[in-house]
Amino acid sequence: MITPPLLLPFFILFILLPFSLLFVLATPKVFQITFGLSYEEALLLFTLIVIGSFVNIPLYRKEGRFVVGTYSFFGIIYQVVERKDVVIAVNLGGCIIPSILAIKLLLELPLNAFIVTFIVCTAVVYSLAKPVPNVGIAVPMFIPPLVSSFMSYLTILSMNLPVFILPKLAFSSGVLSALVGADIFHLKDIKKIGSGIVSIGGAGTFDGIFLTGVFSVIFSLLFI
């Protein structure tokens with residue numbers, strides 16, 4: 001059951017709107033720090049991600065669950081059993097663009113540091129991700145970025161690497177571990193979700209993949 005807070009207007013005014021505003025203001029700064037962009041370039045990139053969050057690209061169709069429908073016709077009740085297919089899609093702003101950015105950062109990172117961080121983060125995300133009927137793959141919001149930033153910090157310390165690569169390592173490992181651990185490894189659980197369109201990164205900008213990358217950088221700055 002989903003129930004609104006008792007004081008819904010105050011919840012929207014003092015919690016939801018400030019959080020959304022902080023997210024919009026902080027994200028271009030995250031892009032500046034991580035990719036060395038100017039503010040205008042970072043804002044343009046964020047705008048492209050927001051626009052891209054409305055675009056879902058279908059990849060393939062998979063058989064879903066059987067659904068029983070009840071219909072009434074002139075007082076006669078019929079029950080119809082039909083199979084609802086699931087369309088697997090990928091979201092442009094919530095998955096493709098963040099993943100390209102994360103892969104681009106791999107060229108600037110020690111490969112062994114990324115592999116260690118990525119494997120641990122992917123295992124944690126996979127263990128936490130659960131298929132929710134008619135919703136998708138659900139993951140606790142802040143745990144993946146916390147794990148990514150902390151694990152990136154430990155890896156850098158243990159390998160005596162320069163600390164300035166921490167935001168880059170946190171972003172790349174966070175985004176790619178969320179993509180693999182939550183979405184790709186859980187494609188086998190698609191039937192448990194139901195029918196309709198299941199989009200990887202499908203909640204658009206506010207999906208776990210993109211959020212994990214942004215908050216991984218924000219949390220990693222606390223270690224510098």
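Let's call a residue buried if its relative accessible area is under 20%, exposed if it is over 50%, and partly exposed in between. Keep in mind that what you have here is a predicted model. You'll find Val163 in the loop between helix 5 (143–158) and helix 6. Leaving out residues up to four places away in sequence, Val163 touches Ile156 and Ile224.

Now for the inside. The largest nonpolar core has 32 residues, and Phe31, Leu101, Phe171 and Ile209 have the most contacts inside it. Helices 1 (8–35), 2 (39–52), 3 (92–106), 4 (111–128), 6 (166–184) and 8 (208–220) each give two or more residues to this core. Helix 6 supplies the largest share, eight residues. Take a look at Phe31: setting aside neighbours within four places in sequence, its contacts include Leu45, Phe46, Leu101, Phe171 and Phe210.

Helix 6 also packs against helix 4. Their axes come within 8 Å and cross at roughly 40 degrees, which means helix 4 is oblique to helix 6. The crossing of this pair is right-handed. On the helix 4 side, the residues making the contact include Phe114, Phe118, Cys121 and Val125, while helix 6 brings Leu169, Leu176 and Val180, among others. Sorted by class, the contact of helix 4 with helix 6 has 11 nonpolar and six polar residues, with no charged ones.

Note on methods
Residues numbered from 1 in each chain as written. Predicted model: local features only at pLDDT ≥ 70, side-chain atom pairs only at ≥ 80, totals over all residues. Heavy atoms only, no water. Core = buried A, V, L, I, M, F, W, Y, C linked by side-chain atoms within 4.5 Å. Buried < 20%, exposed > 50% of the residue type's maximum accessible area, 1.4 Å probe, protein only. Helix = DSSP H or I, 4+ residues; strand = E, 2+ residues; numbered from the N terminus. Contact = heavy atoms within 4.5 Å. Axes fitted to C-alpha atoms, helices over the stretch in contact; angles between N-to-C directions. Parallel < 35°, antiparallel > 145°, perpendicular 65-115°, else oblique. Left-handed = near helix turned anticlockwise from the far one by under 90°. Nonpolar A, V, L, I, M, F, W, Y, C, P; charged D, E, K, R; others polar.
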